[in-house]
Amino acid sequence: MKPYEEQYYIVRNVYNEDTVYLKPTKQTGKRKYKSSQLVFGEEPLIFEASFDKAFNKKGKQPVFGDAHMDGSYPVVSQKVYELLKYLNVNNFQLYPAIIMDPNGNYIENYYFFNIYDRLNCVDFDKSELINYKKEALRYTVRKFILKSEVLDPIEEENRFILHPNKVFTAPMIVHEYIVNIFKKLKIKTIQFIPLSDYALGSEFSN
């Protein structure tokens with residue numbers, strides 16, 4: 001079996017002048033949606049979309065794709081949802097979301113990747129850390145090594161999506177199975193960097 005660092009990928013935005021930047025509305029932010037399981041049937045999450053100055057200066061019209069990022073959390077279209085909805089991933093839900101464009105128009109049929117519990121899956125002794133302090137509550141990780149003793153007992157499908165515990169600005173980490181779905185759909189708005197290749201900040205080098 002391949003090392004876990006060759007099976008798992010970090011999810012990041014693709015950064016260019018067409019990048020869609022999402023942030024929650026005030027009402028969505030109040031729901032603590034990144035740290036709790038959401039109740040289906042309640043209001044969808046709403047994200048405001050913005051663009052960089054180069055995009056705005058050219059007067060371009062925004063184009064919304066099949067995947068965008070709210071920080072480290074993907075927000076995906078119905079097309080992606082249909083390929084993921086039957087997966088049995090621990091502590092994960094695809095929760096209805098709406099993107100609001102700069103003119104206040106709603107673009108519906110999106111879904112938020114909600115991982116509502118974190119996993120102690122990072123081997124901090126073997127990972128490369130920045131400004132390591134043993135007593136720290138969270139660590140800044142430059143290069144990740146995962147704990148095989150934590151992941152081995154978990155069924156593979158149940159750990160297709162991970163959100164590591166005790167990591168400062170923890171990234172979303174997904175299995176190659178998930179990556180292959182996005183590749184199949186030829187999604188270009190987010191990128192997947194193998195843990196074996198990833199170093200903090202490398203997403204900005206492409």
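Buried means under 20% relative accessible area, exposed over 50%, and partly exposed in between, with a 1.4 Å probe and protein chains only. Helices (H or I, at least four residues) and strands (E, at least two) are DSSP runs numbered from the N terminus. The views below show a predicted model, in which local features need pLDDT of at least 70, side-chain atom pairs count only at pLDDT 80 or more, and totals for chains, interfaces and linings use all residues. Residues are numbered from 1 along each chain as its sequence is written, and side-chain values use heavy atoms, with hydrogens and water left out.

**View 1. Strand β5 and its two partners.**
Two strands pair if DSSP finds at least two bridges between them. With strand β4 (residues 67–70), β5 pairs in the antiparallel sense over 4 bridges; Asp70 stands opposite Tyr73 of β5. The hairpin of β4 and β5 has 2 residues between the strands, and Gly71 takes a positive phi near 65° there. Strand β7 (residues 106–115) is joined to β5 by 3 bridges, and these two strands also run antiparallel. Ser77 stands opposite Tyr110 in β7.

**View 2**
Of the 9 residues of β6, 8 are buried, so β6 is largely enclosed by the rest of the structure. Strand β3 (residues 45–50) runs parallel to β6 and is joined to it by 4 bridges, with Phe47 opposite Ile99 in β6. The pairing of β6 with β7 is antiparallel and has 8 bridges. Tyr110 in β7 is the bridge partner of Ala97. Between β6 and β7 the hairpin has 5 residues, and Gly104 takes a positive phi near 85° in this hairpin.

An open sheet is formed by 4 strands in the order β10-β11-β1-β12, with antiparallel pairing. β10 and β12 (190–194) stand at the edges and have a single partner strand each, so one side of each is left without a neighbour in the sheet. Strand β1 (residues 8–13) and strand β11 (residues 173–175) run antiparallel and are joined by 3 bridges; Tyr9 stands opposite Val174 in β11. Helix α6 (residues 176–184) lies across β1, β10, β11 and β12, at about 85° to β11. Axes are lines fitted to C-alpha atoms, for helices over the stretch in contact, and angles run from 0 to 180 degrees between N-to-C directions.

Ile190 is in strand β12 and is buried, with a relative accessible area of 4%. Contact means heavy atoms within 4.5 Å. Leaving aside neighbours within four places in sequence, Ile190 is in contact with Val11, Arg12, Asn13, Val14, Ala67, His68, Met69 and Phe182. Ile190 and Asp66 are 124 residues apart in sequence, and 9.4 Å apart in space from C-alpha to C-alpha.

On a 1 Å grid over the protein atoms alone, a cavity is a set of points where a 1.4 Å probe fits but cannot get out, and a pocket is an open set with protein on both sides within 12 Å along at least five of seven lines; lining residues have an atom within 4 Å of a point. A search of the whole structure finds 1 cavity of 30 Å³ or more. The largest cavity has a volume of about 60 Å³, and its lining includes Arg12, Phe144, Thr169 and Tyr198. The largest pocket holds about 270 Å³ of space. Its lining has 15 residues, of which Arg12, Gly71, Ser72, Thr169 and Ala170 lie nearest its centre. The largest share of this lining, 3 residues, comes from β1.

Asn158 is in the loop between α5 (148–151) and β10 (161–162) and is buried, with a relative accessible area of 18%. Not counting residues up to four places away in sequence, Asn158 touches Asn88, Val89 and Asn90. Lys85 is in the loop between α4 (78–84) and β6 (92–100) and is partly exposed, with a relative accessible area of 31%.

Terms used: Points joined across faces, edges and corners; volume = space filled by probe spheres on them.
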